[in-house]
Every structure is written in C-alpha cells, then in structure tokens.
Amino acid sequence: IKFASRAADYNFYLTQAGAVFSILNLKQPEKSPFILNMKMLGANMQSEIEGIEESVTKSGYYPGNDQTEWLSEISNFQKVKFHRIYEGIDLIFRSSEQKLEYDFRLAPEADPNLIDIEFEGIKKVEIDRAGNLVFRFGGVKLHHQKPVAYQIIDGERREINIEYKRSGKNRIGFKIGEYDKSKELI
C-alpha cells in the first residue's frame, strides 16, 4: 500500500497495480468487508506514485504495544498521482465534495484506448441507463459516475463526448468522441 484513505463506511488503498476499495458490509457489519480491486491492465508497473497538494494535518498509526512499530507525523495529501501509468497518460486520484474521483490526463497524441480497467471482487460490472458503473455487494451498491471528458482550448473548457465501454468480463475502457489530439485531454 502506497497511500490510504479512510471513511466511515469504506477504506481506500492505492497500490502499484491500482486501487483497492474495502467496503463495510452494512447489513452484517461484524462480517468481513467487501473488497473491490480496480486494476489497470497493461499499465506501467514502475509508475512513480506521488502525493501532491500536501495537507497541514498529519496522521499517526500506533498498532500494538511495540513502539518500534508506531508511525507518526505521516503526511496527508489532497491528491495522489500515478506518473505515466500508460504511455503519455497520468492518473490522479482526489477527493471532491466527500466523493472520491479520479482523472486520466492524456498528453497530446496519447492513445485513450490504452486505458483498460479490470474490477475484481464482484460478479459483474453494470452500466446503468445514466451511463454510471454500478457494483453490487450483497445489498451494498458502489457507483462510479458517468465519465466526463474535456479539453482546455484557448482558455475555455470544452466538453468531449465520452462513455464507459466494456472491454471484457469486468473490464472497462472509454469510448471517446472527436477531440483535438494535439491538446491534453482530461
């Protein structure tokens, strides 16, 4: 685990291979949490992972009685960036309005078809009528909102048509409309 985030009903971890969601079983809290792995297939496993926008607050972890195992003054960050997770593509995780979000930032001429996300720990990934991803775990639902894509051109944000597309069993990529390939795409 390179970075971690905790909330009342889930924990979230970033590893070299992607992200792990540990979701509390709300119907039976005494049972093990539901685990959803979000793996970036074909990704650069040597990608540098960096915390950015450091917070003023620090964290500490004090497991057990052995003080040599205790950790204090651990930095907290607003965002975590995977540099060049795919050729010409960075991945940034961040929280926004109590939601976890992630952005793929494609350099000019980068190929969005390289992005191939596999979800493990569920029977199937659903795409609902609104274009959101829906994961179900014994009465618990997790949503990844419909994707948004845009470019900044001449100082203006220009929306680009985008939707999730299936690339295999429990695998998702993106179907992207026309855009200016000579500019960064988010």
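Student: What is the order of the open sheet of three strands?

Tutor: Strands of a sheet pair through backbone hydrogen bonds, either parallel or antiparallel. Here the order is β10-β11-β12, with antiparallel pairing. Strands are DSSP runs (E, at least two residues), numbered from the N terminus, and two of them pair if DSSP finds at least two bridges between them. Remember that this is a predicted model: local features need pLDDT of at least 70, side-chain atom pairs count only at pLDDT 80 or more, and totals for chains, interfaces and linings use all residues. Residues are numbered from 1 along each chain as its sequence is written, and side-chain values use heavy atoms, leaving out hydrogens and water.

Student: Which strands stand at the edges of that sheet?

Tutor: β10 (126–127) and β12 (140–144) do; each has a single partner strand, so one side of each lacks a neighbour in the sheet. Five bridges join β11 (residues 133–137) to β12, and R136 stands opposite K141 in β12.

Student: How many strands form the other open sheet, and in what order?

Tutor: Seven, in the order β1-β2-β3-β4-β9-β16-β15, with antiparallel pairing. Its edge strands are β1 (3–6) and β15 (162–168), each pairing on one side only. Inside that order, β4 (residues 34–40) is joined to β9 (residues 117–120) by four bridges, and N37 stands opposite E120 in β9.

Student: What is M38 in contact with, leaving aside its neighbours within four places in sequence?

Tutor: Contact means heavy atoms within 4.5 Å. The partners of M38 include A17, F21, F93, Y102, F119 and H144.
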